[in-house]
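Here's a quick briefing to read alongside the model. Have the sequence and the 3D view open as you go.

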Amino acid sequence: MAELLKKEYILEPAACDEISEMVFDHCISIGSERKDALRYRLSAEECLLYWLNHGCEGNRVVVSTGRFLRTPYITIEAEGKSLDPYYENDDEFGSFCDSILVSMRLEPEYSYNNGFNCIKFRLRKKSLGQIATLCIVILSAIIVGMAGLFLLPDHLRELLLNSLVDPIYNTFFNILGCIAGPMIFLSVSWGVYGIGDVATLGRIGKRMMLRFVGTVLLTAALCSAFFPLLGPGLSSSSQGSGQFASISELILGIFPSTIIEPFATGNTLQIIFMAIVIGIAMLYLGKQTSSIARAIEQVNLLVQFLMEIIARLVPYVIFLVIINMIWSNGISVLISTWKLIALFAAACVLIAAVFFTLTSARRKAPVGVLIRKSLPTFLVALTTASSAAAFSSNVTTCEKKFGIDESLIRFGIPLGMVMHKPISAVYNLFILFFFATQYDVSCSVAWICVAVFISSIIAIATPPIPGGGAVAYSILFMQMGIPSEALAVALALDIITDFIVTSFEMLVLPLSLINVSAGLGMIDEDTLRSADV
């Protein structure tokens, strides 16, 4: 276990080297991956050199380490005027994309307090991994559940379920429901405002965002064709004027009667509508609403932090859920998810094939070449289930192998990690189809249309942070009439399917960037078509 420390230096070239080396050694000592430790070291050195070259030479630098809620961190504070080393680029999406990278722990957090510039690294340690964690949780739950099934009398098992397991389970999902609405509202409104200004909605930004959103909606709509293979069948009320009335009611129901109503009733569409309207209004008013925007940003960070804490409880909840299923003969629902996983994996392969084929035809680049160039990023994401881990590989592939302009990559990939979510939207849709069958939910054409729309919007609106998936499922099920007990199965299933979702998401994102950059004349076509991998 590394000791917590606090040391003071004078900012000079030798101190930059010493501090950077200390950062690397500390990361290794707490069990960080070597590549992560090297990235933290280089980031620290970059910040220190920036301050050194911008008037802070000879000033005090304080380096400290610590832990907060079991998460280790390093802070470096340099005395001097306000100098943010991560906001020196000139692209229009700089601050927006920087905030995304910070939330994914790809960049440190910057702040300025009491005359000191401060950067804070939240460090990642080696872990068992999601698959290992899931195996341990499931195996432990099965052992405890089967032991209870054979050793405990029926009345005692029922007492434990009613007085312990069910109350904990219900409390956890009540907490999720409480935080879900504010989290989506803050994420969407800050995301819209974070674009920068009205001018940013110009040639590049507007085209990229429209392509990303359009791709998500179109992919989900086309994949609704899988409904007969997963869904329970259309209800008899799916014809005629009743269907039109349902869709009309959905559209008009987006407008809330009061500001409080969407949060009180959990109406996701109304929450997202309000967030978009408020975000656009702040965007147009600009500096006049800077204080409100700052407050939204800070509350957004607070809610995301709370969600990270709640996400730590998910394995324990899954443990209780499996015990509940064993004792109440409901394990068949979890076993039957093999069909969902198989069909979703097949749909992902089909979606990727369509992306590669269309990109090849439009850009006159061989499909095999595109696949070989994309494979390293895909494998990193597949083995880690982390878009953050695949970030650097994605940047290298887009710039060196596809020839996309660096300035477009700088904000295109972070923006795509948030908005380009066709695979997530399809998985949300399949989850709804599957559980509608398991719990006999009445489905109509209008229900499917709403499912396509809400699955797409939730995929885009959910921030890439731990626990985001839990919020997404709770909102989806609440909106579409799926019973709350399905949420526990979805969380257990998510640990497996996250590998599929993340890997294919990272696979198709560069293909969309290729088409955007080609339309803007910001790509080297010769590099794209070159067989050199």
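Ser-360 sits in helix H14 (residues 337–363); helices here are DSSP runs of H or I with at least four residues, strands are E runs of at least two, and both are numbered from the N terminus. This is a predicted model: local features need pLDDT of at least 70, side-chain atom pairs count only at pLDDT 80 or more, and totals for chains, interfaces and linings use all residues. Residues are numbered from 1 along each chain as its sequence is written, and side-chain values use heavy atoms, leaving out hydrogens and water.

**Around Ser-360**
- Ser-360 is buried, at a relative accessible area of 12% (buried is under 20%, exposed over 50%, partly exposed in between, with a 1.4 Å probe and protein chains only).
- A polar atom of the Ser-360 side chain lies 2.4 Å from the backbone oxygen of Ala-365.
- Skipping residues up to four places away in sequence, Ser-360 touches Ala-365, Pro-366, Val-367 and Leu-370 (contact means heavy atoms within 4.5 Å).

**Nonpolar cores**
- The largest nonpolar core has 134 residues, and Phe-430, Phe-435, Trp-447 and Phe-477 touch the most other members (a core is a set of buried Ala, Val, Leu, Ile, Met, Phe, Trp, Tyr and Cys residues joined through side-chain atoms within 4.5 Å).
- Helix H21 (residues 486–519) gives the most to this core, with 21 residues.
- A second, separate core of 28 residues includes Cys-16 and Ala-44.

**The sheet**
- Five strands make an open, antiparallel sheet in the order S1-S2-S3-S5-S4 (strands pair if DSSP finds at least two bridges between them).
- S1 (6–10) and S4 (109–113) are the edge strands, each with a single partner strand, so one side of each has no neighbour in the sheet.

Terms used:
Polar contact = N/O pair within 3.5 Å; in protein donor to acceptor, adjacent residues only side chain to side chain.
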